[in-house]
Amino acid sequence: MSFFNSFGRSMTRAPRPPKRSTTPTSSSFPSTESLPGTPTMPAAPKPLYLCSPFVEAALVKGNFKHIVMLPKYADVMEWVAANIFDFYQNLNLFYGALSECCTQQSCPTMSAGPSLNYTWINQDRKSVQLPAPTYIDYVMTWVQDLLDDDNVFPTKSGREFPQTFPSTVKHVYRQLLRVFAHLYYVHYPQILHLRSEPHFNSLFAHFLAFGKEYELLDIKDVKGQPNSPVGIGALWDRWKEMGILEA
Ligand SMILES: [Zn+2]
């Protein structure tokens, strides 16, 4: 039984989860709050992942265009499959390192923006809120099962990729994007605490560049709706301005 049909595209607006208590690390990072005495800005403070120097932190300098290009003589399906495997493995390692911070209590919803909580379509086709760790577990298990299924991701030589492969990988991409979106939106302070921001930023920029090059990403999934934007939508724009991603 695949989870394939269990994923919903819908995003619903829901009350914000209770604000997380301050993480032990948050005081060691530059504050983005206004200075005492200055008028309070109505807008929320700029997220740390959009602030210098974190937004520039990367393992790879420059544009990702060359990294994502199809190597000579490589089959495009094989290339997409191999890259998705790598993105999944790397994201899973990060999630493993962050999982003790992402609990039912800290993350009662799969939040990814000030008014955005991803919902899950359950067996009864109902859109339901799930705690983020449950949601992410479902995604990661589903992707792992697909990667292990030789009918979906063939590994033996001479085996053809199924006709459904392009739509399957788009589905995978959308769900992995949601995991990135939650980790950036909620857990970036912990990523900074682990000093992993150069690695995490490079992984995500690579993921975005690859998704754009092979049309695996839907821009509206990156940016969200005007009334419920995805936090990382602004990062996508910022990296385009900086030349990290293609304009
Ligand atoms: Zn979380």
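H187 is found in helix α4, where helices are DSSP runs of H or I with at least four residues, strands are E runs of at least two, and both are numbered from the N terminus. The structure is a predicted model, in which local features need pLDDT of at least 70 and side-chain atom pairs count only at pLDDT 80 or more, while totals for chains, interfaces and linings use all residues. Residue numbers start from 1 along each chain as its sequence is written.

So what surrounds H187? With 25 C-beta neighbours inside 10 Å, H187 counts as buried; the cut-off for buried is 20 or more other C-beta atoms within 10 Å of a residue's own, exposed is 12 or fewer, partly exposed is in between, and C-beta atoms are placed from the backbone. Setting aside neighbours within four places in sequence, H187 touches L98, C101 and C102, contact being taken as C-beta atoms, placed from the backbone, within 7 Å. H182 also lies in helix α4, and 29 C-beta neighbours inside 10 Å make H182 buried. Its contacts, again leaving out residues within four places in sequence, are M110, S111, A112 and A132.

Both histidines turn up in the UniProt record, where an unreviewed entry places the feature "binding site" at C102, C107, H182 and H187. These four span 86 residues in sequence, yet no two of their C-alpha atoms are more than 10.0 Å apart, so they gather at one spot. UniProt positions are given in the numbering used here, feature names are shortened, and annotations may be inferred rather than shown by experiment.

Stepping back to the whole chain, there are seven helices and six strands, running β-α-α-β-β-β-α-α-α-α-β-β-α from the N terminus on. Of the 247 residues, 30% count as buried. Among contacts with a separation of 6 or more, 75% come from residues 24 or more positions apart.

Next comes helix α3, residues 132–148, whose 17 residues reach 24 Å from first C-alpha to last, close to the 24 Å expected at 1.5 Å a residue; the expected span is 1.5 Å times one less than the number of residues. Its buried residues are A132, P133, Y135, I136, V139, V143 and L146. They cover an arc of only 160° around the axis, which puts them on the same side of α3, with the arc taken from the directions from the helix axis to the C-beta atoms. T141 and D148 sit exposed on the other side of α3. The cover over the buried residues of α3 includes α2 (76–98), β2 (110–113), β3 (116–121) and α4 (165–193).

As for β2 and β3, the two form a hairpin with two residues between them. They pair in the antiparallel sense over three bridges, pairing here needing at least two DSSP bridges. The bridge partner of G113 is L116 in β3.

Helix α5 (residues 197–213) gives another picture. Its 17 residues should span 24 Å at 1.5 Å a residue, and the end C-alpha atoms are 24 Å apart, which agrees. Twelve of the 17 residues of α5 are buried, so the helix is largely enclosed by the rest of the structure. Among them are F200, F204, F207 and F210, along with H206. The buried residues of α5 pack against α1 (65–68), α2, α4 and α7 (231–241). Just after α5, E215 takes a positive phi of about 55°.

Methods:
Contact = placed C-beta atoms within 7 Å.
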